[in-house]
Amino acid sequence: LHNIYYSYISNKINNAENTNKYSDTKITFHVGEARKKIQDINKYFDVIFLDGFSPQKDPRLWTIDFLNLLKQKMKNNSVLVSYSKSTPFRSALLQLGFCVGKTFIDNIDMGTIASFNNECIKNKLNDYDLKLISTRSGIVYKDKNLSGSVSSIINMRNDEIKNSDRMSHTQFLKEML
């Protein structure tokens, strides 16, 4: 997210001709346990920056259940932006009805952008990304009560992967060659 800030906001604020364009920008920080805090917020956001630990290390902010709460705080033209390119994350966004794409800085794939409005997504997911989502890699993290521990969320997903008839990531890569 710091790359997005420095590439898109900071440079433009420092450029005198664009200063007024961003003068009404308001950033609000909400401090607390995100899974609980989001439930107490009664407003809509134009932009949500999701910057939790990596989904593989700490999936609590990447579950379909938490993302569904974020979805409820977004307007039609709102965007959710993250550094993560995680397949379960992108899969959850698609399952929740988001239009999903990639963010680029200097032609480098930096993360994910999601919105209800397809026009907000400049770089759509490609066929490779979409096919990968249909494999076991695309099985989402779940935390129905928004209180699960890191290990319980990971273990639940691992159990679902073991019992899935979806193609494995390895099989997918072999077929792509």
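# Meeting the model

Student: Is Asp 58 buried or exposed, at 12% relative accessibility?
Tutor: Here, buried means under 20% relative accessible area, exposed means over 50%, and partly exposed is in between (1.4 Å probe, protein chains only). Asp 58 comes out at 12%, so the word for Asp 58 is buried.

Student: How many helices and strands does the protein chain have?
Tutor: This is a predicted model, in which local features need pLDDT of at least 70 and side-chain atom pairs count only at pLDDT 80 or more, while totals for chains, interfaces and linings use all residues. Residues are numbered from 1 along each chain as its sequence is written, and side-chain values use heavy atoms, with hydrogens and water left out. Helices (H or I, at least four residues) and strands (E, at least two) are DSSP runs, numbered from the N terminus. Read from that end, the elements go α-α-β-α-β-α-β-β-β-α-α-α, giving seven helices and five strands.

Student: Back to Asp 58: which side chain meets that of Asp 58 in a salt bridge?
Tutor: Side chains of opposite charge can pair when their charged atoms come close. A salt bridge is counted when a side-chain nitrogen of Lys or Arg sits within 4 Å of a carboxyl oxygen of Asp or Glu. With 2.6 Å from N to O, the partner of Asp 58 is Arg 60.

Student: How far apart in sequence are the parts tied together by Asp 143 and Arg 35?
Tutor: These two form a salt bridge, and their closest N and O atoms are 2.8 Å apart. Asp 143 lies in the loop between α5 (127-133) and α6 (150-162), and Arg 35 in helix α2, so the pair ties together parts whose separation in sequence is 108 residues.

Student: Which residue joins Arg 35 and Asp 143 in a network of salt bridges?
Tutor: Both of the residues you name are buried, Asp 143 at 4% relative accessibility and Arg 35 at 6%. The whole structure has seven salt bridges. In the network with Arg 35 and Asp 143, the other member is Glu 33.

Student: And which residue forms a salt bridge with Lys 102?
Tutor: The closest N and O atoms of this pair are 2.9 Å apart. It links distant parts of the chain, 27 residues apart, with Lys 102 in strand β3 (residues 99-105) and its partner in helix α5. Both residues are buried, and the partner of Lys 102 is Asp 129.

Student: How many residues of β3 are buried?
Tutor: Strands pair here if DSSP finds at least two bridges between them. β3 pairs with strand β4 (residues 108-115) in the antiparallel sense over seven bridges, and two bridges join β3 to strand β5 (residues 123-124), again antiparallel. β3 is mostly covered, and of its seven residues the buried ones number six.

Student: How much area does the nonpolar surface patch with Ile 27 have?
Tutor: Patches use residues with over 30% relative accessible area and no salt bridge, joining like charges within 9 Å and nonpolar side chains (Val, Leu, Ile, Met, Phe, Trp, Tyr) within 5 Å. Accessible areas come from the Shrake-Rupley method with a 1.4 Å probe, and for residues only the protein chains shown count as cover. Ile 27 sits in the loop between α1 (2-14) and α2 and is exposed, with a relative accessible area of 54%. Together with Phe 29 and Val 31, Ile 27 makes a patch of about 400 Å².
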